[in-house]
Every structure is written in C-alpha cells, then in structure tokens.
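Have the structure open as you read.

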Amino acid sequence: MRIALFATCLADTMFPQAAQATVAILERLGHEVVLPEGQTCCGQMHANTGYFAQAAAIVRNHVRTFEPVLDGEWDAIVVPSGSCTGAARHEQRLVAEHVGDAALARRVEELSRHTYDISELLIDVLGLTDVGAHFPHTVTYHPTCHSMRVAHLGDRPYRLLRAVEGLTLLDLPDALVCCGFGGTFSIKNSDTSTAMVADKAANVMSTGAEVLCTGDYSCLMNIGGALSRVNSGVRIMHIAEILASTEDAPFEGHVSFQPSRESVRL
C-alpha cells in the first residue's frame with residue numbers, strides 16, 4: 001500500500017518520534033509512506049475555542065493537501081493521534097457546516113472515509129495485531145478521551161500491545177477518566193486540570209509500570225509533566241514507538257519528558 005502520513009502539528013514541532021515510529025512500522029511491513037507537503041494543523045484547537053472562521057481556513061488546507069487520496073494516489077491516510085483522527089473525521093465537518101460551506105463539508109466527509117489512526121490502519125485495514133514488535137518492559141496504557149469518545153478506537157490499542165513480544169501490559173486504575181489536559185481547558189481551568197492530572201499520575205505510578213503509553217502525545221505531555229515533577233521514573237511513549245521496536249532494532253526515537261524541538265525528519 002501507499003499511505004499518506006498526517007504527522008500532526010504536535011509531532012512536527014515537539015514530538016517527532018511519534019511520526020517517525022509510524023513510518024518505521026509501516027515500512028517494516030512493506031508499505032510505502034509519503035509525507036504530503038502543505039500539511040499543517042487539523043484545526044481542532046481553533047474549533048474547540050470557537051474560532052470557526054480560522055478553523056475553516058485550516059480545514060480547507062487539510063482537504064486540499066490530502067484529497068489526492070480520493071483520486072487513488074494513495075490508499076489511505078494514517079494519523080499517529082486518536083485526537084487528530086477524531087478531529088479529521090468529525091470536527092472538520094462540523095466546522096464546515098458552522099461556516100455554511102456545504103461543499104467543504106462534503107469533501108471532508110469523503111476524506112474522512114480514508115483517514116485512520118495508526119491502530120485502526122493496522123487492525124482494520126492491514127488485518128494485523130502482531131506487527132513483529134519486541135518490547136521487554138512493563139507498560140500501562142491510558143486511553144485518551146478523544147481516541148475513545150470521538151475516534152472510537154475501542155480496544156484496538158490494547159490488542160496491539162498484548163501482541164508485543166516481551167511486553168507486560170498492566171491495568172491502569174480509572175483508565176477512562178480524563179487526564180485533565182483538554183487543550184485550552186488546562187489553561188482556563190488550571191486548578192481543576194492540575195488536580196485531574198495528579199490523580200492520573202498517581203494511578204499510573206500505582207501500577208508499577210516502567211512505561212506509560214498512549215496514542216496521543218498531547219496527553220502524554222500532560223501526564224508526563226506530572227510524573228516528572230514527582231520524579232516517578234516512569235517513561236512516556238507513544239504506542240507507535242513501542243510497536244516500532246524489534247528485538248534486533250529497538251526504536252531509539254523515544255525521549256524523556258523534555259520535548260524535542262526538532263521538526264519531523266523522515
């Protein structure tokens with residue numbers, strides 16, 4: 001397959017290892033990955049804070065960048081973020097409708113049928129749960145709010161993690177409770193957000209896991225900050241980083257909480 005990568009703005013500016021790992025997995029499985037020029041943000045941040053006109057401009061750019069998939073130039077679009085997957089499949093259409101652009105809403109809807117989170121692409125499109133990964137560590141997984149409630153990823157990430165050789169998956173108490181990030185929620189309601197992430201970090205530490213894993217680096221950034229402030233020793237990793245690791249070639253892109261300022265280099 002020929003797959004277009006929507007790297008996301010967070011991966012591009014702060015955590016490139018999520019996008020790099022996604023490419024590593026798919027290329028190891030024999031697929032070609034391309035990075036369409038012109039991609040920026042999905043518009044989620046603007047839409048969530050009520051800037052619909054600005055969000056619509058971003059949505060138009062997203063559609064313009066990725067619509068070659070509709071002509072068969074690529075077979076699918078992959079996103080290393082349940083949150084941005086949800087935005088591309090649902091929020092972008094709402095933005096288009098809000099500004100009264102019916103043509104844009106239709107194009108978004110067509111594009112959304114080809115857009116997949118990395119876990120969906122592996123399981124639903126490629127028919128895989130075991131991708132040949134090796135990761136001999138204890139891991140706990142936080143199912144992020146948007147991945148569960150907007151993108152509806154269900155148990156796909158758990159199925160992929162359980163198939164990783166050497167990995168011990170530990171249950172996270174109150175897993176479905178929000179970590180308190182929510183984009184601007186963490187700024188506008190900082191006291192509430194701080195209390196929520198403190199509870200989430202305590203639950204992570206209670207598992208005894210070496211690694212906290214999610215499919216969204218935004219939430220990893222938030223929880224990772226709380227874990228680092230108490231010197232927990234728990235590493236944070238995107239699920240793609242774990243799936244990209246093999247016995248012969250452990251994925252070296254993961255970092256501690258301190259974010260990388262590099263752009264994505266694929």
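## Spaces and backbone angles

There is 1 cavity of 30 Å³ or more in this structure, which is a predicted model. The largest cavity has a volume of about 60 Å³. Its lining is made up of Gly-82, Asp-117, Ser-119, Tyr-141, Thr-144, Ser-147, Leu-153, Pro-157, Gly-215, Asp-216 and Ile-239.

Now for the open space: the largest pocket holds about 680 Å³. A set of 34 residues lines this pocket, and those nearest its centre are Met-45, Ser-83, Phe-181, Gly-183 and Ser-218. Two or more lining residues come from each of helix 1 (9–13), helix 3 (44–48), helix 5 (82–98), helix 8 (145–149), helix 10 (185–188) and helix 12 (217–229).

Next, the backbone. Thr-8 is not a glycine, yet its phi is positive, at about 80°. You can find Thr-8 in the loop that runs between strand 1 (2–5) and helix 1. Is Thr-8 buried or exposed? Its relative accessibility is 8%, below the 20% cut-off, so Thr-8 counts as buried.

Asn-231, also not a glycine, has a positive phi of about 50°. This residue sits in the loop between helix 12 and strand 8 (235–238). With a relative accessible area of 70%, over the 50% cut-off, Asn-231 is exposed.

Key:
Residues are numbered from 1 along each chain as its sequence is written. This is a predicted model: local features need pLDDT of at least 70, side-chain atom pairs count only at pLDDT 80 or more; totals for chains, interfaces and linings use all residues. Side-chain values use heavy atoms; hydrogens and water are left out. On a 1 Å grid over the protein atoms alone, a cavity is a set of points where a 1.4 Å probe fits but cannot get out, and a pocket is an open set with protein on both sides within 12 Å along at least five of seven lines; lining residues have an atom within 4 Å of a point. Grid points are joined across faces, edges and corners, and a volume is the space filled by probe spheres set on the points. Helices (H or I, at least four residues) and strands (E, at least two) are DSSP runs, numbered from the N terminus. Buried means under 20% relative accessible area, exposed over 50%, partly exposed in between (1.4 Å probe, protein chains only).
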